[in-house]
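Trainee: Could we go through this structure together, please? I would like to learn how to read it.

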Amino acid sequence: MTTRMADVISARPIIVHSHLRWDFAWQRPQQLFSRFAHSRDVLYVEEPQFFDDVVKAVVDRSEPHSNVHRIIPRLPSAYRDSESATLTTVRALLLDLVSATGELPHRFDTPIQWFFTPMPAPTMLGAFGEGAVVYDCMDDVAPQRFAPVERAPRERYLLARADVVFSSSRVLADASWDNITSEMTMLMEEAVATRRFNATVKYLRRRLQ
């Protein structure tokens, strides 16, 4: 990249909400955040796992890459039937983790919140005092037959609040969605589109000054 990663977006920490497991495949999330982690902390939050033998909600934290904190919420199986309770509990676990008395104190103050899925957006936005919001729409699953019915309204919610939108779909990238208020909407069909990404870096720098 022509822009040095040490200078990207003023080195603010990033909280990532992803539907993709870190160890599933080396694709856009891993490519981006292994590089971002050269200059800042990254909290990579995966979807929760449910267990019959877990009686109290906890987080499994590991560091698959330097400064990348992989978070897998481990919840009792009863949470499977309540998405609302699940998201609220995950938010509480994360807030405790990054609080002044948590395991990662003050390492995620005024972060960038980066969403690969819109599903947790209504619960997570505003909870961490974020300085900017990114929606990285890798998978255009809304029109698919088995997409959750909640996805479309949550995506509209996130689009209305995102500062930057990346999309793998030309329909979204061409700003045909009425809910897009972002000044920066970028098409990134390949894993990491260098020129487009660098343009976004410059925009976010200005946005966060």
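**Strands, helices and cores**

Mentor: Val164 and Phe166 point one way from strand β8, Val165 and Ser167 point the other way, and all are buried. Buried means under 20% relative accessible area, exposed over 50%, and partly exposed in between, with a 1.4 Å probe and protein chains only. Helices (H or I, at least four residues) and strands (E, at least two) are DSSP runs, numbered from the N terminus.

Trainee: What sort of model is this, and how are residues numbered?

Mentor: This is a predicted model, in which local features need pLDDT of at least 70 and side-chain atom pairs count only at pLDDT 80 or more, while totals for chains, interfaces and linings use all residues. Residues are numbered from 1 along each chain as its sequence is written, and side-chain values use heavy atoms, with hydrogens and water left out.

Trainee: Which strand runs parallel to β8?

Mentor: Strand β7 does, and four bridges join it to β8, residues 164–167. Two strands pair if DSSP finds at least two bridges between them. Within β8, Phe166 is the bridge partner of Asp136, and Ser167 is that of Cys137.

Trainee: What about strand β6, and in which sense does it pair with β7?

Mentor: Strand β6, residues 112–115, pairs with β7 in the parallel sense over four bridges. Ile112 stands opposite Ala132 in β7.

Trainee: Why is β7 described as largely enclosed?

Mentor: Six of the six residues of β7, residues 132–137, are buried, so the strand is largely enclosed by the rest of the structure. Both of its faces are covered, with Ala132, Val134 and Asp136 on one side and Val133, Tyr135 and Cys137 on the other.

Trainee: What does Tyr135 touch?

Mentor: Not counting residues up to four places away in sequence, Tyr135 touches Phe115, Phe116, Pro118, Arg151, Glu155, Leu158, Leu159, Ala162, Val164, Val165 and Phe166. Contact means heavy atoms within 4.5 Å.

Trainee: Which residues touch the most other members of the largest nonpolar core?

Mentor: Of its 25 residues, they are Leu43, Leu94, Phe115, Tyr135 and Leu158. A nonpolar core is a set of buried Ala, Val, Leu, Ile, Met, Phe, Trp, Tyr and Cys residues joined through side-chain atoms within 4.5 Å.

Trainee: Which element gives the most to this core?

Mentor: Helix α2 gives the most to this core, with five residues. Apart from this core lies another, of 19 residues, among them Leu32, Val42, Phe116 and Ala132.

Trainee: Let us turn to α2, then. Which of its residues are buried?

Mentor: They are Thr86, Leu87, Thr89, Val90, Leu93, Leu94, Leu97 and Val98. Seen down the axis of α2, these buried residues fall within an arc of 165°, so they line one face of the helix. The arc is that of the directions from the helix axis to the C-beta atoms.

Trainee: Which exposed residues are carried by the face turned away from the buried side?

Mentor: On α2, that face carries Ser84 and Asp96.

Trainee: How far apart are the end C-alpha atoms of α2?

Mentor: They are 23 Å apart, which agrees with the 22 Å that its 16 residues, 83–98, should span at 1.5 Å a residue. The expected span of a helix is 1.5 Å times one less than its number of residues.

Trainee: Where does Thr123 lie?

Mentor: Thr123 lies in helix α3 and is buried, with a relative accessible area of 16%. Leaving aside its neighbours within four places in sequence, Thr123 is in contact with Leu87, Thr88 and Arg91.

Trainee: Now for a loop. Is Asp52 buried or exposed?

Mentor: Asp52 counts as exposed, at 67% relative accessibility. Its place is in the loop between β3 and β4. Asp52 and Pro76 are 24 residues apart in sequence and 6.0 Å apart in space, C-alpha to C-alpha.

Trainee: Which loop holds His106?

Mentor: His106 is found in the loop between α2 and β6, and it has a positive phi of about 60° although it is not a glycine. The place of Thr110 is also in the loop between α2 and β6, and the phi of Thr110 is near 45°, a positive value in a residue other than glycine.

Trainee: Finally, how many helices and strands are there in the chain?

Mentor: The chain has six helices and nine strands. Of its 209 residues, 49% count as buried.
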